[in-house]
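I opened this entry to keep track of what I looked up, one item at a time.

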Amino acid sequence: MNGSALIFFILFGLTIVAIYLGVRRGWASVRLITLVGAAASIVLMALFSLAQGNVAAQAIVVGVLVGSIFTAAAVSIANFFRTSESQGRGQPPGNPG
């Protein structure tokens with residue numbers, strides 16, 4: 001892996017972490033975070049693929065697939081924990097139901 005590919009991969013990872021934190025902490029609407037995060041992750045993964053020496057068509061397919069899958073996973077996991085956390089706050093500690 002060359003230097004520019006590593007930079008794009010690190011930025012992709014940071015984008016996925018930012019998507020997760022943004023949804024989990026409610027920094028903005030889930031739709032906005034998902035759209036902006038998906039666009040950023042798709043572009044960064046396509047650039048990573050190009051830096052690895054792939055042709056443009058393959059880089060676009062890789063960017064769309066990998067970027068979309070990781071964004072969907074991050075949003076789903078963050079939303080799950082966010083809703084389960086808010087449901088757990090309604091009960092006092094030590095009271096099972």
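I began with T15, which is buried, at a relative accessible area of 16%. Buried means under 20% relative accessible area, exposed means over 50%, and partly exposed lies in between, with a 1.4 Å probe and protein chains only. I noted that this is a predicted model, in which local features need pLDDT of at least 70 and side-chain atom pairs count only at pLDDT 80 or more, while totals for chains, interfaces and linings use all residues. Residues are numbered from 1 along each chain as its sequence is written, and side-chain values use heavy atoms, with hydrogens and water left out.

**Entry: around T15**

T15 is found in helix α1. Which residues is T15 in contact with, leaving aside its neighbours within four places in sequence? I listed G37, A40, S41 and L44; contact means heavy atoms within 4.5 Å. L14 is also found in helix α1, but L14 is exposed, with a relative accessible area of 53%. From L14 to S41 I read 9.4 Å, C-alpha to C-alpha, for a pair 27 residues apart in sequence.

**Entry: the overall layout**

I looked up the secondary structure and found 3 helices and 0 strands. Along the sequence the pattern is α-α-α. Helices (H or I, at least four residues) and strands (E, at least two) are DSSP runs, numbered from the N terminus. The protein has 97 residues, and buried ones make up 25% of them. Of the contacts with a separation of 6 or more, 71% are between residues 24 or more positions apart.

**Entry: core and surface**

The largest nonpolar core has 13 residues, and F12, I16, I19 and V23 have the most contacts inside it. Helices α1, α2 (30–51) and α3 each supply at least two residues of this core. A nonpolar core is a set of buried Ala, Val, Leu, Ile, Met, Phe, Trp, Tyr and Cys residues joined through side-chain atoms within 4.5 Å. Leaving aside neighbours within four places in sequence, I19 is in contact with I33, G37, A38, T71, A74 and V75.

On the surface, I found a nonpolar patch formed by M1, L6, I7, F9, I10, L11 and L14, with about 690 Å² of accessible area together. Patches are made of residues with over 30% relative accessible area and no salt bridge; like charges are joined within 9 Å, nonpolar side chains (Val, Leu, Ile, Met, Phe, Trp, Tyr) within 5 Å. I10, in helix α1, is partly exposed at 45%.

**Entry: aromatic pairs**

I counted 3 aromatic pairs. Rings of Phe, Tyr and Trp (its six-membered ring) pair if their centres lie within 6.5 Å; planes under 30 degrees apart count as stacked, over 60 as edge-to-face and the rest as tilted. The F9 and F48 pair is tilted, because the planes are at 45 degrees, with the ring centres 5.4 Å apart. F9 lies in helix α1 and F48 in helix α2, so the pair ties together parts 39 residues apart in sequence. F9 is partly exposed at 40%, whereas F48 is buried at 13%. F80 and F81 form an edge-to-face pair, 5.2 Å centre to centre and 70 degrees between the planes.

**Entry: the salt bridge**

I found 1 salt bridge, defined as a side-chain nitrogen of Lys or Arg within 4 Å of a carboxyl oxygen of Asp or Glu. R24 and E85 form it, at 3.7 Å from N to O. R24 is in helix α1 (residues 3–25) and E85 in helix α3 (residues 56–88), 61 residues apart. R24 is partly exposed at 26%, and E85 is partly exposed at 33%.

Terms used:
Areas by Shrake-Rupley, 256 points an atom, 1.4 Å probe, with all protein chains shown as cover.
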